[in-house]
Amino acid sequence: MEGKFAREKLNGDGRRTVEANEALKAVIIFAIGFVGYGVIEILFRGYTHWSMLLTGGACLLTLYYLNVQFNKVSMVWKALIGAFVITAYELAVGVIVNLLFHFNVWDYSEQPFDFLGQICPLFTFLWFLLCLLLLAVSKIFYRRNRYLTP
């Protein structure tokens, strides 16, 4: 059976299993987000935190699955959805690592219209731009590697 997210097959006892290549693809995408976001933070802030590496991996993997699920939606709409998804991750992680555990990884309280110092419109806009870039790169990658399924 061919699914949108993964090719599935029945195993010996009749249950569906995700093929190993789909699991490997998810691990690779997570790893790219993990490393990629860490590099972005180090370039722009000079440092990062382990929680941001995990969040970067989770964000990129979520964006990948959103891109697959909504493959007919325009790139601008997908980037807007992606920006709100990243902002939601940022709020959830911020509440845990900054407000609950007091790691003080970031603080947007000086930004206009911040919420709890964890999210703000400026960074949601920056996530939108990042999503546009990621979607454009993804589109080029899949055009050049048509044998890969998004």
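## Lining of the largest pocket

The lining of the largest pocket comprises 33 nonpolar, 9 polar and 7 charged residues; Ala, Val, Leu, Ile, Met, Phe, Trp, Tyr, Cys and Pro count as nonpolar, Asp, Glu, Lys and Arg as charged, and the others, including Gly, as polar. The model is predicted: local features require pLDDT of at least 70 and side-chain atom pairs pLDDT 80 or more, while totals for chains, interfaces and linings use all residues. Residues are numbered from 1 along each chain as its sequence is written, and side-chain values use heavy atoms, without hydrogens and water.

Of the 49 lining residues, Ile32, Gly33, Leu60, Leu63 and Leu134 lie nearest the centre of the pocket. H1 contributes the most to this lining, with 14 residues.

## Helix H1

Helices here are DSSP runs (H or I, at least four residues), numbered from the N terminus. The 26 residues of H1 should span 38 Å at 1.5 Å a residue, and the 37 Å between its end C-alpha atoms agrees; the expected span is 1.5 Å times one less than the number of residues.

## Salt bridges

The whole structure holds 2 salt bridges, each defined by a side-chain nitrogen of Lys or Arg within 4 Å of a carboxyl oxygen of Asp or Glu. Glu22 pairs with Lys25, with the closest N and O atoms 3.8 Å apart. Because they are 3 residues apart in helix H1, about one helical turn separates Glu22 and Lys25.

Glu41 and Arg45 form a salt bridge at 3.5 Å, N to O.

Technical notes. 1 Å grid on protein atoms, 1.4 Å probe; cavity = no way out; pocket = protein on both sides within 12 Å on 5 of 7 lines; lining within 4 Å. Helix = DSSP H or I, 4+ residues; strand = E, 2+ residues; numbered from the N terminus.
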